[in-house]
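Have the model open while you read.

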Amino acid sequence: MIKRLQEKVGKLLREKKVALVIGYEMAGDGISTTPCFIEREDEVERLVWNEHCVYNLSRYLIETRELASSPSPKIGVVAKGCDVKSIIGLIQENQIKRDEVVIIGMECEGQFDVEGERQFKVEGLKLKDKDKDKDKEGKLLEKCKACEVHIPKVYDLLIKDDRNSGAPEPQSPEVNAYAQVEELEGKSQEERWQYWKKEFARCIKCYACRQVCPLCFCPQCIADQTLPQWISPSPSLKGNTTWNIVRAFHLAGRCIDCGECERACPMKIPLRKINKKLGKEIKEMFDYEAGLDSEAKPPLADFKLEDPEEFIR
Amino acid sequence: MTEKIVSKEDLKKILEGLMKTSELLAPGKEGDLVLFKPVKNPEEVFFAYPNSLKPVKEFFFPPREELFKHEIREGKVGLSSEHQENRKRVIWGVRPCDAKSLLMFDKMFDGEYKDSYYLEKRAKSVLVGLACNEPLDSCFCLSLNAGPHAKEGLDVLITDLGDDSYLVEGITAKGEELFQGCGKESGEGERTRKKELEEAAKKKIRKTCQPPPDLESFFEDPYWEKVSRKCISCGVCTYLCPTCFCFDLSYEGRDCIRFWDSCSFSPFTKMTSGENPRREKKTRYRQRVYHKFSYFKKNFGEIACVGCGRCLRECPVKVDIVEIVNQCSKDKTKD
């Protein structure tokens with residue numbers, strides 16, 4: 001798979017179809033990967049693909065596009081099925097044009113949780129050489145367990161998994177994607193408040209959640225405004241709660257559940273749960289799921305003349 | 001300087017005693033995280049951790065601190081400051097790298113300007129170090145004049161010798177005081193064991209940071225654009241860094257609040273006029289590197305990095321400042 005990826009990217013660069021390609025390369029620790037920007041054909045060997053390609057690289061599309069120069073203004077991006085959803089979101093919201101990007105879709109059987117690495121940090125245990133399939137289910141990221149897009153819905157090039165050639169498309173296991181949300185919904189208002197209070201209290205206001213998010217592209221974030229200052233910039237329960245709730249509201253109907261915010265959060269606040277809850281509300285109210293159709297209007301950016309609510313008319 | 005051997009039971013008794021007489025902070029687990037927190041039960045004190053997620057700087061330079069309040073009394077405006085708790089504070093289980101970082105904070109907050117908020121906390125605190133026997137792959141303290149068993153900045157250093165016995169080395173009088181009347185004298189065998197552990201720990205540190213002696217001529221190099229490209233401009237590296245001390249001030253009602261700020265953030269240098277000298281990401285990333293490896297060195301005589309490796313471990317996109325700094329010196333010698 002890596003070889004074919006490198007060949008295709010090399011070809012794109014050679015034929016000047018793209019100015020650069022955003023992909024994954026090995027990180028210095030020899031286990032993780034890290035985002036990389038490939039501009040020359042002789043650099044393609046840096047590109048890798050494995051179960052540590054957790055990053056949603058579409059986050060870099062807006063800023064990279066500004067750097068790309070003509071006559072090859074296109075940007076290539078290595079994207080998993082979930083990442084493609086946010087590319088669709090960026091197209092829907094006029095942040096990029098479909099013909100400005102070359103989507104190099106990757107067939108993906110799921111990415112591994114950093115749990116292994118985290119244990120390594122917590123207990124000082126050495127990461128054992130991973131037996132590829134041993135307890136794979138246990139290592140999968142939570143979001144991957146309910147994945148329905150092992151093969152991206154939209155792509156320009158598709159790199160298929162060699163192990164699956166000829167075999168049927170990998171099936172998603174029967175996992176309820178909303179299980180964690182439903183568990184919280186089952187609790188009383190007071191219990192939920194206590195739960196989130198404890199989680200938000202840890203927030204250090206590093207804004208990694210916002211910075212890593214492909215759809216947090218506001219030129220000026222409400223959290224950075226000082227006149228008036230809507231959200232207290234210091235970490236306190238009040239400011240932390242406002243920040244995390246405002247962000248979730250702004251992503252309602254837009255969040256594609258790539259889970260990058262939760263992964264990036266150094267304090268391990270379960271941000272996916274709050275975004276997922278709003279995603280669920282949007283689905284129930286508007287029968288809409290983000291990141292599936294670049295032509296669709298996001299429900300909170302649209303109105304209908306026959307809307308039953310008075311205030312919107 | 002005294003040395004003695006104490007058992008795990010002795011340590012628990014000491015912790016129990018300290019809980020009663022002082023404010024005791026030590027590493028404990030919170031879910032998957034290791035954080036320093038007030039000790040409620042000595043059993044919860046965690047010993048087997050490479051390092052805490054957050055450095056101990058937060059106890060001297062809190063993420064959010066009320067400096068003073070405005071008051072209007074009988075038509076007159078006045079200022080008041082909340083009384084600080086002056087009870088003795090013991091921070092238990094500080095790793096040598098983090099202890100060293102506080103000496104750098106001293107240069108900043110106890111130098112030309114005396115920061116009373118910081119100094120009060122510094123004066124009432126005793127730092128109990130825990131030597132590092134299992135450094136991580138991301139640790140690089142050895143190349144920065146520190147080490148897994150270094151004593152600099154600590155009041156007392158404990159080394160886990162295995163078999164539930166610990167070597168306690170007093171460094172300052174207030175450190176020695178905590179262990180008065182407990183344990184037994186250390187023997188030759190125990191001292192040898194400690195040396196072996198120290199050497200073994202040093203051997204485990206393979207990452208080295210070799211910044212060029214002078215970064216100045218490299219300032220305008222396109223290198224910075226290249227290496228900062230994947231940085232997402234969040235505050236993880238700066239907020240979890242034991243030597244980053246930048247802050248901002250803001251009013252919340254009548255309270256003047258000091259809180260952490262980060263050079264990674266675009267508004268960090270934004271001025272009232274709207275002008276922002278560090279609008280571009282590369283200028284912000286370069287600032288972080290230069291502050292640590294050039295400006296601090298010029299101002300205070302040493303590099304503002306202790307090699308704890310937190311920025312490497314916690315960066316959401318694995319930006320590796322050591323690689324970046326080392327590589328830049330290589331690029332330079334090539335020219």
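This is a predicted model: local features need pLDDT of at least 70, side-chain atom pairs count only at pLDDT 80 or more; totals for chains, interfaces and linings use all residues.

Residues are numbered from 1 along each chain as its sequence is written, chains are lettered from A in the order in which they are written, and side-chain values use heavy atoms, with hydrogens and water left out.

**Layout**
- Chain B is split into domain 1 (3–204) and domain 2 (216–334), with bounds from an automatic or database domain assignment.
- Their C-alpha centres sit 26 Å apart.

**Contact surface**
- 35 residues of domain 1 of chain B touch 35 residues of domain 2 of chain B (heavy atoms within 4.5 Å).
- Together the two domains bury about 3400 Å², with carbon and sulfur atoms giving 62%; that's the accessible area (1.4 Å probe) lost on being put together, summed over both.

- Asp98(B) and Arg310(B) form a salt bridge, with their closest N and O atoms 2.7 Å apart.

**Who supplies the domain 1 side**
- β4 (64–73) and α2 (96–109) of chain B each bring at least two residues to the side of domain 1 that touches domain 2 (DSSP runs: helices are H or I, at least four residues, and strands are E, at least two, numbered from the N terminus).
- α2(B) gives the largest share of that side, 9 residues.

How values were computed:
A salt bridge is a side-chain nitrogen of Lys or Arg within 4 Å of a carboxyl oxygen of Asp or Glu.
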